[in-house]
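Hi there,

Here is the structure I promised to pass on to you. Have a look at it first, and then read on for my notes.

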Amino acid sequence: MSVQPTPLPPGLFIVSTPIGSARDITLRALDILASADVLAAEDTRSLRHLMAIHGVAAGGRPVISYHDHNGAEVRPRLLALLGAGKSVAYASEAGTPLVADPGFALVRAARAAGHPVTAAPGPSAAITALSIAGLPTDRFLFAGFPPTTEVARRKFLEELAPVQATLVLYESPKRLDRLLSSCREVMGDAREVAVCRELTKKFEEVRRAPLGEVDAALADMPRKGEFVVLIDRGSEAASAADLDDALREAMRTASVKDAARQVAEALNLPRREVYQAALALAKGE
Ligand code: SAM
């Protein structure tokens with residue numbers, strides 16, 4: 001099977017590239033990379049390397065760097081090339097552009113200016129993780145990288161916690177443990193999590209456990225490489241009235257502490273939150 005350079009119509013081509021294994025590039029992506037008048041990339045070195053692996057030469061074509069830090073300056077140049085009837089292929093460093101990667105402002109501006117925009121779809125770490133982790137895929141919510149400060153991360157997770165969908169997060173190895181412990185505090189011990197590491201690469205692995213057991217499940221996993229964290233949905237959010245009813249019932253036979261534990265487990269709610277509600281009930285508030 002060979003790359004087929006073919007004249008492309010004018011327009012912007014959003015090209016997905018592999019997230020690990022170089023052979024995950026699609027044939028159509030290679031055709032576009034071989035044929036576009038102009039190549040643009042978040043990381044021009046990675047794109048040139050990928051093209052070299054697959055025997056696609058840049059030749060005398062421009063290879064333009066376009067990323068978050070120079071987008072405002074470089075975008076007008078790319079739009080001018082589109083305006084001059086050129087075909088422009090854009091790739092981010094890995095995976096699908098615009099998915100936790102640059103490209104959004106470029107696509108919007110190209111569309112606003114009336115240029116055709118199309119894609120050579122391909123790998124994305126989010127979809128790859130969902131496809132192998134064994135958590136439900138009927139509904140999912142991609143939330144990208146969590147904030148790095150503790151307060152902002154908690155708020156972010158509190159907003160996501162009640163969503164009835166599998167949550168998909170990207171995280172760096174050095175922040176993975178902090179993220180998992182924030183998830184546990186906010187979402188409780190029972191929620192299932194899948195930590196997917198080095199997808200499509202030599203050390204690919206997926207570890208799944210309830211948040212309460214995740215430390216043990218990940219004890220011997222190197223905090224190295226790239227990670228996707230998937231979090232199962234919680235049970236349908238219990239209303240405050242449901243919670244109070246369940247607590248009153250449990251407190252007929254159990255102490256405040258034990259009742260809070262039982263109800264938190266039964267309703268899959270964070271223990272601390274349920275304990276506060278139980279204390280308030282016990283005090284007659
Ligand atoms: N655009 C890419 C995509 O479509 O998935 C994502 C780019 S984002 C800057 C990079 C993050 O994606 C990494 O920090 C990691 O969370 C995730 N990621 C990328 N490749 C991965 C891989 N092979 N295995 C696990 N996670 C990966």
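This is a predicted model: local features need pLDDT of at least 70, side-chain atom pairs count only at pLDDT 80 or more; totals for chains, interfaces and linings use all residues.

The protein is divided into three parts: domain 1 (11-123), domain 2 (126-231) and domain 3 (240-282). Between the C-alpha centres of domain 1 and domain 3 there is a distance of 54 Å.

Where does the ligand lie? Both domain 1 and domain 2 give residues to the shell around the ligand, so it lies between these two domains. The space that the ligand takes is the largest pocket.

The ligand is surrounded by 18 residues, and the closest are Val99, Ser124, Ala125, Tyr170 and Phe227. Sorted by class, the shell has 10 nonpolar, 5 charged and 3 polar residues. Two strands, E7 (166-171) and E10 (227-231), each supply at least two residues of this shell.

- Valine 99 has a polar backbone atom 2.8 Å from a nitrogen atom of the ligand.
- Alanine 94 likewise has a polar backbone atom 3.2 Å from a ligand nitrogen atom.
- Phenylalanine 227 places a backbone N or O atom 2.6 Å from an oxygen atom of the ligand.

As for cover, the ligand on its own has 570 Å² of accessible area, and the protein covers 89% of that.

Best wishes

Note on methods. Residues are numbered from 1 along each chain as its sequence is written. Side-chain values use heavy atoms; hydrogens and water are left out. A residue is near a molecule or strand if one of its heavy atoms lies within 4 Å of it. A polar contact is a pair of N or O atoms within 3.5 Å; within protein, one must be able to donate a hydrogen and the other to accept it, and residues adjacent in sequence count only if both atoms are side-chain atoms. Accessible areas come from the Shrake-Rupley method with a 1.4 Å probe; for residues, only the protein chains shown count as cover. On a 1 Å grid over the protein atoms alone, a cavity is a set of points where a 1.4 Å probe fits but cannot get out, and a pocket is an open set with protein on both sides within 12 Å along at least five of seven lines; lining residues have an atom within 4 Å of a point. A molecule sits in a cavity or pocket if more than half of its atoms lie within 2 Å of its grid points. Helices (H or I, at least four residues) and strands (E, at least two) are DSSP runs, numbered from the N terminus. Ala, Val, Leu, Ile, Met, Phe, Trp, Tyr, Cys and Pro count as nonpolar, Asp, Glu, Lys and Arg as charged, and the others, Gly among them, as polar. Domain bounds come from an automatic or database domain assignment.
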